[in-house]
There are 2 protein chains.
Amino acid sequence: MENVKVAIWGFGAMGQGMAKMMLNKKGVEIAGICCRNAARQNKGMYEILGVNGIQPDIIITNDVDKAIAPKSCDVVLLCTDSFTAQAYEKIEILANKGLNVVTIAEEMAWPAAQQPQLAQKIDDIARKNGISILGTGINPGLVMDLLAVCLSACMVDVTGVMCKRVNSLSPFGPTVMREQGVGLSEEEFAEGLKNHTVAGHVGFAESIAMIAEGLGLEIDGFEQQMQPIITDIDRKSPYGFAAKGNLAGVNMTAQGTKNGKVIIDMYHPQQIEPEMVGVQTGDYVELAGTPPVSMAIKPEIDGGLGTIAMAVNCIPHVINADAGLITMLDIPVPRAIMGDFRKLIKDGKKVAK
Amino acid sequence: MENVKVAIWGFGAMGQGMAKMMLNKKGVEIAGICCRNAARQNKGMYEILGVNGIQPDIIITNDVDKAIAPKSCDVVLLCTDSFTAQAYEKIEILANKGLNVVTIAEEMAWPAAQQPQLAQKIDDIARKNGISILGTGINPGLVMDLLAVCLSACMVDVTGVMCKRVNSLSPFGPTVMREQGVGLSEEEFAEGLKNHTVAGHVGFAESIAMIAEGLGLEIDGFEQQMQPIITDIDRKSPYGFAAKGNLAGVNMTAQGTKNGKVIIDMYHPQQIEPEMVGVQTGDYVELAGTPPVSMAIKPEIDGGLGTIAMAVNCIPHVINADAGLITMLDIPVPRAIMGDFRKLIKDGKKVAK
């Protein structure tokens with residue numbers, strides 16, 4: 001079998017990380033890279049990545065038709081957007097080229113949660129073209145949804161789900177600092193909330209819908225909140241600074257309710273330098289029911305590497321899947337791939353032959 | 001759609017637990033019960049279970065052809081054996097009746113590990129009859145294999161896997177006390193090892209094979225060990241007693257190696273009353289690589305309830321699966337079922353119509 005061929009659309013930190021990961025794997029190769037960033041136009045991927053490799057170099061271009069032609073690859077990793085509405089047009093282009101898609105757009109982890117009509121359109125176009133489309137990532141995609149679902153398998157009954165992700169924003173760059181309100185005063189934060197310039201975490205509606213649908217919990221309400229995390233000491237990270245009295249980040253919370261009672265409870269405080277104030281990072285799942293399950297991952301799973309790995313590791317599952325819009329609940333348990341990607345592809349499922 | 005219909009073969013603690021669980025679920029009903037235990041012959045399931053329910057009573061019989069007829073159910077929960085060689089004959093009978101099978105026989109979680117020829121025969125007979133056969137349970141089936149596989153999905157590279165399950169044997173009955181050597185002197189244990197009367201944990205070969213195959217780790221060696229856990233104080237549980245100097249249980253360990261180096265490392269000490277000597281129970285997964293993942297579940301997931309739930313919760317996945325011998329790596333992520341079982345069955349997959 002020929003190598004599994006993968007194109008990448010969006011070549012920022014995530015797309016580049018996926019490329020580096022795949023360059024070190026067996027039976028998979030990069031078939032094209034589309035990126036709008038002017039600084040990367042017409043440059044080779046090895047130059048941008050700062051690494052050497054044995055597969056032929058790929059020239060980066062903003063012209064998607066040049067970068068990603070029909071049958072040029074088996075799957076496209078789409079790393080350009082967070083929201084379904086923005087990702088939709090690109091998904092449509094790729095589906096019409098007959099290519100499978102893995103996207104890390106957070107809302108695409110369960111697009112029916114906030115964009116049911118677009119989700120239906122995506123499913124239709126995927127089926128029409130005989131390809132499958134999956135949204136994944138570390139969160140949504142694993143730590144605050146799929147992992148809770150998987151752990152629930154050992155339970156006779158589930159009466160409540162609590163997921164908490166306490167992480168550090170210190171490794172992240174200026175975009176994340178801005179989106180998470182790092183360094184803002186309380187007044188600036190209040191303004192940012194109004195203007196939607198402080199995004200906070202995107203994905204609660206999707207994670208809660210995935211858990212509720214997965215377990216059959218019949219949630220009938222959803223709410224989310226964003227609170228400032230005010231620091232009482234100065235905190236400094238490579239790309240962020242929060243003076244005493246200003247925001248070190250934001251604490252996002254959400255609830256899935258049934259008849260007004262909280263059934264699924266989410267906590268996701270994100271801040272720079274949590275260790276400075278004695279906050280230990282970690283991922284937590286508490287499942288109430290029979291038997292109860294109390295899980296902790298300390299420290300939290302690295303968000304950047306985690307998202308990169310989730311996307312690449314789902315490639316065979318997406319190529320193998322039946323046509324349509326699929327979710328993490330439809331595919332077999334995702335897993336690291338230390339062997340040859342080609343061995344994981346079912347007969348007749350390759351697009352690029 | 002009619003209810004999902006489930007027969008049970010083997011009506012000990014596990015089979016009875018599955019029956020109780022299903023009696024409290026929507027869209028699923030018990031279609032037959034086969035059990036060889038003389039004390040349960042020709043009795044109704046409600047009498048044996050000590051509960052009331054709305055579905056018609058089922059009379060327990062040792063005659064499998066009477067209890068489980070072709071098209072009488074969609075799936076059979078087989079709860080009679082630990083080893084593939086012993087379960088094989090029953091699996092063959094059920095497959096030839098055209099019925100899907102979920103078994104908690106530990107070796108059936110990955111029968112190719114120790115019985116590759118039988119695994120092939122089971123796959124052949126399943127395909128011939130258009131049904132699927134799955135082995136599952138809490139361990140093997142989830143905590144020392146599937147959970148590690150699932151967590152690895154967020155990893156770029158995996159260099160080592162460590163799974164540890166530290167549990168209490170105190171809730172278990174006389175059979176488990178005997179199999180795990182509780183109360184034996186060191187001499188009796190040495191004798192029991194020789195005679196194979198001390199079984200210890202069954203499933204390491206299967207768990208290691210599942211992880212190795214799942215992640216593509218290319219293990220070339222496997223070893224396991226059983227060491228006595230000698231108590232330095234008297235310990236007493238409802239069904240066990242270990243005098244000072246005798247066995248409170250056994251510590252089983254296993255390694256999957258590659259070129260002599262340990263890649264997958266397993267620890268599974270089981271004993272009565274671990275709290276008396278300050279041992280905290282729990283399930284642990286440590287994944288070395290990028291990024292590393294360190295997970296703990298405290299206390300450990302209840303083994304009895306966990307196995308009951310895993311079997312019942314996998315029912316829809318097994319009915320929906322393509323024909324053949326399948327494993328936990330082939331089906332979608334398992335999950336608790338709080339909704340209607342019928343909603344989870346794909347079109348055309350029901351056997352009992």
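**Notebook: chains A and B**

I began with the strands that meet across the two chains, and I found that S13(A) and strand S13 (residues 293–297) of chain B run antiparallel and are joined by three bridges. I took two strands as paired if DSSP finds at least two bridges between them, and I took helices (H or I, at least four residues) and strands (E, at least two) as DSSP runs, numbered from the N terminus. Within this pairing I noted that Ile297(A) has Met295(B) as its bridge partner in S13(B).

Before going on I wrote down that this is a predicted model, in which local features need pLDDT of at least 70 and side-chain atom pairs count only at pLDDT 80 or more, while totals for chains, interfaces and linings use all residues. Residues are numbered from 1 along each chain as its sequence is written, chains are lettered from A and ligands numbered from 1 in the order in which they are written, and side-chain values use heavy atoms, with hydrogens and water left out.

**The interface**

I looked up the contacts next, counting heavy atoms within 4.5 Å, and found 50 residues of chain A in contact with 50 residues of chain B. The two chains bury about 3900 Å² between them, 66% of it on carbon and sulfur atoms; this is the accessible area (1.4 Å probe) that two parts lose on being put together, summed over both.

For polar contacts I used pairs of N or O atoms within 3.5 Å, where within protein one must be able to donate a hydrogen and the other to accept it, and where residues adjacent in sequence count only if both atoms are side-chain atoms. By this rule 17 residue pairs, both at pLDDT 80 or more, are in polar contact across the interface of chain A and chain B. The elements that give two or more residues to the side of chain A that touches chain B are helix H6 (146–151), strand S6 (157–168), helix H9 (204–215), strand S13 (293–297) and helix H10 (303–313) of chain A, and the largest share, six residues, comes from H10(A). By class I noted 34 nonpolar, eight polar and eight charged residues on that side, with Ala, Val, Leu, Ile, Met, Phe, Trp, Tyr, Cys and Pro counted as nonpolar, Asp, Glu, Lys and Arg as charged, and the others, Gly among them, as polar.

**Salt bridges**

I counted a salt bridge where a side-chain nitrogen of Lys or Arg lies within 4 Å of a carboxyl oxygen of Asp or Glu. The structure holds 18 of them over all chains, and two are found across the interface of chain A and chain B. In one salt bridge I looked up, the side chains of Lys25(A) and Asp157(B) meet at 3.3 Å, N to O. Lys25(A) is buried, with a relative accessible area of 11%, whereas Asp157(B) is partly exposed at 25%; I used buried for under 20% relative accessible area, exposed for over 50% and partly exposed for what lies in between (1.4 Å probe, protein chains only).

Asp74(A) and Lys350(A) are buried. Lys90(A) forms a salt bridge with Asp81(A), with 2.9 Å between the closest N and O atoms, and both Lys90(A) and Asp81(A) are buried.

**Helix H10 of chain A**

I returned to H10(A) and found it mostly covered, with ten of its eleven residues buried. The buried residues, among them Ile308(A), Met310(A) and Val312(A), pack against H1, S3, strand S4 (100–103), S6 and helix H11 (315–320) of chain A. At the start of this helix, a side-chain oxygen of Asp302(A) reaches to within 3.1 Å of the backbone nitrogen of Gly304(A).

**Chain B**

Strand S4 (residues 100–103) of chain B runs parallel to S5(B) and is joined to it by three bridges, with Gly135(B) as the bridge partner of Thr103(B).

Last, I looked up Pro291(B), which has its place in the loop between strand S12 (282–290) and S13 of chain B and counts as buried at 5% relative accessibility. Leaving aside neighbours within four places in sequence, Pro291(B) is in contact with Ile301(A), Asp302(A), Leu305(A), Cys154(B), Met155(B) and Val156(B).
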